[in-house]
Amino acid sequence: MRAEHFSQLDKRTLYIKRAFYRLIYGLHSVQHASGRARRLVVWFLDFPNSTAPKRQSPLPPQKKKPRPPPALGPEETSASAGLPKMGEKEQQEAIEHIDEVQNEIDRLNEQASAEILKVEQKYNKLHQPFFQKRSELIAKIPNFWVATFVSHPQVSALLGEEDEEALHYLTRVEVTEFEDIKSGYRIDFYFDENPYFENKVLSKEFHLNESGDPSSESTEIKWKSGKDLMKRSSQTQNKASRKRQHEEPESFFAWFTDHSDAGADELGEVIKDDIWPNPLQYYLVPDMDDEEGEGEEDDDDDDEEEKGLEDIDEEGDEDEGEEDEDDDEGEEGEEDGEDD
């Protein structure tokens, strides 16, 4: 260790070393040395601490974790983020400006609604000749409208068996939107002579009343004696409720007398917005009863074919059995001949 330590010293260090050992080993006491020699000894004893290379620790130096800055209050936070501090007066002014901008947006929306209404009115007039032509063509197809209503999922839920019978006399349906489309519309049902009521036309009209609220009015149905389907519907519901907890649908014609909530008349909206624009799409929906009937006929045909195949297999098995018996009899005859 001494050799390694002193090998790192310069020539001056070696000179001091020799002088030191001479003093240590050549004199009985350091006190006998001259003043210069004593200063050299003291300097040499302190020399390793001042000139010797520092020993490095094998562990990497640890970085001190920075201390988190103290929490700032709301005012200090906004100031440090560069946001201007707003007092109550500035906030109130900002709210008023936002309200002004929002009023401008609402004004543009009202303008857009007015423009859209004009376009709808224009094309509503252009549609009328085509609606008229379509009605003339539909009149050539028997039971077009009853088939359309029965195929519609929402309308069919309101139809009982007698409702369907009455709708077989329906020849034409028309939806008329008023010139001011926002003010309302009317639905007209045209009927042939029928055993249920005297009316040739049943209408229901939706409009805004004097106070601006939606309301409706309809034709009074003049039922023939004993043919009021709404009374029969209520009687059927009472009987059904006694027999089983299941509510039968109200009569379709009860819709003409229902004015409780004209603003949310679902049947009127379905007829005007869904059926009337394109009734053909529902007329062409296949009848589920017919499909079930066809499916049953196909099943019957398949069963008959399977039975025929089974009969053929049984006959084939019988023929094979007879042939086997004949072969056995022939073999027995040959064996008897050989024995003779």
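Visitor: Suppose a salt bridge means a side-chain nitrogen of Lys or Arg within 4 Å of a carboxyl oxygen of Asp or Glu; how many salt bridges does the count come to by this rule?

Guide: By that rule the count comes to 7 salt bridges. This is a predicted model, in which local features need pLDDT of at least 70 and side-chain atom pairs count only at pLDDT 80 or more, while totals for chains, interfaces and linings use all residues. Residues are numbered from 1 along each chain as its sequence is written, and side-chain values use heavy atoms, with hydrogens and water left out.

Visitor: OK, which residue does Arg107 form a salt bridge with?

Guide: The partner of Arg107 is Glu104, and the closest N and O atoms are 2.8 Å apart. Both residues lie in helix H5, where they are 3 residues apart, about one turn of the helix. Helices here are DSSP runs of H or I with at least four residues, strands are runs of E with at least two, and both are numbered from the N terminus.

Visitor: What does Glu174 pair with?

Guide: Glu174 meets Arg172 in a salt bridge of 2.9 Å, N to O. Glu174 is buried, because its relative accessible area is 17%, whereas Arg172 is partly exposed at 29%.

Visitor: Which residue does Arg186 bridge to, then?

Guide: Arg186 forms a salt bridge with Asp188, and their closest N and O atoms are 3.2 Å apart. Arg186 is partly exposed at 26%, while Asp188 counts as buried at 5%.

Visitor: Changing topic: which residues form the negative surface patch?

Guide: That patch is formed by Glu90, Glu93, Glu96, Asp99 and Glu100. Patches are made of residues with over 30% relative accessible area and no salt bridge, joining like charges within 9 Å and nonpolar side chains (Val, Leu, Ile, Met, Phe, Trp, Tyr) within 5 Å. Lys and Arg count as positive and Asp and Glu as negative, with His and the chain ends not counted, and the place of a charge is taken as NZ of Lys, CZ of Arg, CG of Asp or CD of Glu.

Visitor: Where is Glu100 placed?

Guide: Glu100 is in helix H5, which covers residues 88-138, and its relative accessibility of 48% makes it partly exposed.

Visitor: What about a nonpolar patch, which residues form that?

Guide: Val119, Tyr123 and Leu126 form one on the surface, with about 280 Å² of accessible area together; such areas come from the Shrake-Rupley method with a 1.4 Å probe, and for residues only the protein chains shown count as cover. Val119 is placed in helix H5 and counts as partly exposed at 45%.

Visitor: Last one, what does Ser215 touch?

Guide: Leaving out residues up to four places away in sequence, Ser215 touches Glu205, Phe206, His207, Leu208, Asn209 and Ala262, where contact means heavy atoms within 4.5 Å. Ser215 is found in strand E4 (residues 214-218) and counts as buried at 19% relative accessibility.

Key. Buried means under 20% relative accessible area, exposed over 50%, partly exposed in between (1.4 Å probe, protein chains only).
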